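Here is a friendly walk through one protein model, written for someone who likes cut-offs spelled out. Take a look at the structure, and then we can start with a single residue.

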Amino acid sequence: MLRGRVLLAVMLGAVLSGCASLLPTGDTPTTLYGLQAPAEVPLVADRPGWQLIVEEPLAERALDTDRIAIYSGPHALQYFPQARWTDRAPRLVQDLIVETFENAGLQMSATRQTVGVKANVALISDLRDFEARVTAPAAEGSTVMPTVMIRLSTKLVSLDKRQVIDARTFTARGTAASDSVADVVAAMNVAAATVVSDIVVWAAAASATYAPVAD
């Protein structure tokens with residue numbers, strides 16, 4: 001009997017020891033960062049009654065994540081520790097474009113999904129860059145602030161005629177006020193606002209030109 005109790009105690013100790021490795025270790029909590037769609041967009045002609053589907057951008061695996069990317073060298077991609085976007089980068093960009101369409105007050109509406117919607121055009125894109133970059137200082141002792149870059153290759157496709165209406169690449173760069181993640185995110189917010197605003201203006205105008213309003 002005593003031998004059985006000793007064996008049971010050893011087994012329980014092993015189980016509890018294994019569980020201990022799964023407990024929190026006191027790491028610094030992760031901070032979530034979001035981006036804000038521009039509240040105002042330049043007025044452009046658009047197509048009344050048209051519906052545009054904004055598809056989630058495609059992205060390579062390194063950018064298809066909620067982690068905030070930073071290049072520390074030409075080919076060295078890393079991520080800020082204890083910091084993440086509120087969603088995966090492609091989904092974040094998709095949401096920004098749709099919200100910017102809504103803020104623009106256009107007669108052509110935009111949505112994320114096709115369920116129950118008879119769409120006329122689709123905005124298809126590839127997210128090529130969505131990161132900060134750090135370069136080596138030119139002189140010893142000098143400081144170089146991180147730069148940010150957002151690049152989105154887009155196509156506007158007619159779903160009625162199955163043809164590309166127009167295609168364009170949109171790029172925005174900026175410089176962060178410091179190397180802190182908060183300042184990098186602030187610079188990304190400015191760059192993202194420029195890109196999505198330009199995309200909305202272009203998409204609305206291209207759609208109106210492709211199918212002008214009847215007199």
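## Starting at Thr111

Setting aside neighbours within four places in sequence, Thr111 is in contact (heavy atoms within 4.5 Å) with Gln51, Leu52, Ile53, Val54, Val98 and Val117. Thr111 sits in strand β6, residues 109–111. Is Thr111 buried or exposed? Thr111 is buried, because its relative accessible area is 19%, and buried means under 20%, exposed over 50% and partly exposed in between, using a 1.4 Å probe and protein chains only.

A word on how to read these values: this is a predicted model, in which local features need pLDDT of at least 70 and side-chain atom pairs count only at pLDDT 80 or more, while totals for chains, interfaces and linings use all residues. Residues are numbered from 1 along each chain as its sequence is written, and side-chain values use heavy atoms, with hydrogens and water left out.

## The overall layout

The protein has three helices and nine strands, taken as DSSP runs numbered from the N terminus (helices: H or I, at least four residues; strands: E, at least two). From the N terminus on, the order is α-β-β-β-β-β-α-β-β-β-β-α.

Of the 215 residues, 39% count as buried. Among contacts with a separation of 6 or more, 74% link residues 24 or more positions apart.

## Strand pairing around β5

Two strands pair here if DSSP finds at least two bridges between them. Strand β1 (residues 31–33) pairs with β5 in the parallel sense over three bridges, and Tyr33 has Trp85 as its bridge partner in β5.

β4 and β5 run antiparallel and are joined by four bridges; a hairpin connects them through five residues. Within this pair, Ile70 is bridged to Gln78 in β5.

Not counting residues up to four places away in sequence, Phe101 touches Leu52, Leu106, Met108, Ala110, Val200 and Ala203.

Ala205 belongs to helix α3 and is partly exposed, with a relative accessible area of 30%. Which residue lies 159 positions from Ala205 in sequence and 5.7 Å away in space, C-alpha to C-alpha? That residue is Asp46.
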